[in-house]
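Reader: I am new to reading models like this one. Could we go through it together, one question at a time?

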Amino acid sequence: MAVAPADIAAPVARRRWLRDAVRRHPTVIAGSLILLVMVGIAVLAPYLGTIDPLHVAPVKRLRFPSELYWFGTDAYGRDVYSRTLYGARVSLTVGLGVALFSTVIGLAIGLVTGFSRIADTIIMRVMDGLMSIPPVLLAIALMALTKASLGNVVLAITISEVPRVARLVRGVVLSLREQPFVEAAMAAGTGFFRTLWRHILPNTIAPVLVQATFICASAMITEAILSFIGAGTPPQIPSWGNIMAEGRSYFQIKPYLIIFPGIFLSLTVLAVNLVGDGLRDALDPRLARRM
Amino acid sequence: MLAYIVRRLLATIPVMGVVAIFVFSLLYIAPGDPAAVIAGDLATTDDIARIHAQLGLDEPFFLRFGHWLWGVLHGDLGTSIFTNLPVTQLIAQRLEPTVALTLTTLVVTIAFAVPLGIIAAWKAGTWIDRSVMVVAVLGFSLPSFVLAYVLILIFSVEFDLLPVQGYVSIRDGFVPFIEHLILPSIALGLIYGALVARITRASMLDVLSQDYIRTAQAKGLANNDVLIGHALKNAAVPIATVIGIGLALLISGVIVTETVFAIPGIGRLTVDAILRRDYPIIQGVILVFSAAYVLVNLAVDISYTLLDPRVRY
């Protein structure tokens, strides 16, 4: 049976594309792969040899990692492997949730303040004030007065991240507003909202997308910090910060209680940062050369 | 210059005003009765009534804000619900370890990160540059408390070289003081150092491609003179800016680092206050840290004139 040249060419071209991509952006590919694995772990946690992460077994407390308990057990005899794998759900939910909400809200505020002088004067003063409070401290303050829940953690970290996105978008809008193509659109009678939608918004997407990845990474660390100091995710939800907080008292004799969730957290944050760096390089080649 | 400093000082008033309003309003933003939230699940109605009276929650918002602001302007940050001690006094008692940790971290980090950034820019594209950048990305990704535990396990538990936890005042000896601060400073400083090294490299790369650098090299100046005398001087403004802005990372990190290393500073005070829902302390700490952050960045702004003679105000 004859094989058409196109049938051979297609896989070869695909392989070459993949090879080129790996050669040109090795860190982005590595970051994406790690992230994909973490998302896979979060989604498939119940099918990866885990047991109920909340199952307490006092008889089996503080067991070292073994064939039976891959990452050991904690002070309540709970399986650290299962808890760590389920913990991926919390970190990724917080990271993605905060990145999404803070970019959407920050984008809206940035667009409004970039165009309206009155809104700019009032809102940006509030944003300046919020920005002068270190983000973790702001999130702590908000969490200290609300009931511990995943939704409140996302909300608290989102509020602390919004001013940075708003300031970034406002800066981009202010410079875009003076660009000839925007002036031309306005002069040609394009409506305000149409100009915003067609000419301004698309140009803010690239920097906001890059910023979103860094917010995602920073939100995951902030969630872990909040949970670690007892102001984050409620103790009954296994999050990497919670697991480490509970292992704090035993870390000199049972370091695995801190090490395993710590490795998962660091790897996930590293993956998001690598993807963010890659995105920035791809979207702003001028910066790529320097950073 | 003086006019500029006064103008900038005046500009911090609305910023701190927003911080004050926000910090004060937090009690009212929370859903439900804040006194009940602060008192906790096991509180009696008497406990809730006591907190109501102590925080003045029965008074109208603006009246209470006026009282609170008047107190803050006179150095009175309220009274701790748990210890009944003035918050100002509690913060003052815990100031020394936090300032010592922050300053040590700042000095050590800048001493390492700036030269690393310079070398990475000078050797751009080589394995040295790539190694520095890899360390920088890792520094961004390794949460300070995870690094802290790894450092303790290696240097304190395994090799017994440094103390595991605790703080010794400089008055009780310089060597134990430094010994207790080495690991916390490294854990706290890594993310900050990563940021400073990256910006130093980026800023130096910009300057190193300028014509006057080529001229300096062409007239036979030594590498060190070109790097320090010509390049670093011109790259200093963005580096100073990021040193100021990055202080937010240090302040956030202090809270966790002090918890891991059992350092009795303001960070530890904050964590204890959160666990006890001692809100006046949390409000006081936020105000103090934010004021410190705003003032340091003001100092950085003013330092531009010293770093770059072209900057005139």
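Author: We begin with a term: pLDDT is the predictor's confidence in each residue, on a scale from 0 to 100. This is a predicted model, in which local features need pLDDT of at least 70 and side-chain atom pairs count only at pLDDT 80 or more, while totals for chains, interfaces and linings use all residues. Residues are numbered from 1 along each chain as its sequence is written, and chains are lettered from A and ligands numbered from 1 in the order in which they are written.

Reader: What is the mean pLDDT of chain B?
Author: In chain B, 98% of the residues reach a pLDDT of 70 or more. Taken over the chain, the mean is 88.

Reader: Which helix of chain B has the highest confidence?
Author: Helices here are DSSP runs of H or I with at least four residues, strands are runs of E with at least two, and both are numbered from the N terminus. Chain B has 13 helices and zero strands. Confidence in chain B is lowest in α2(B), at a mean of 74, and the highest value, 93, belongs to helix α5 (residues 87–122) of chain B.

Reader: How many residues does chain B bring to the contact with chain A?
Author: Two residues are in contact if their C-beta atoms, placed from the backbone, lie within 7 Å. Chain A gives 37 residues to the contact, and the number from chain B is 43.

Reader: What are the spans of the C-alpha trace of chain B?
Author: The spans are taken along the principal axes of the trace. They come to about 80 × 55 × 40 Å.
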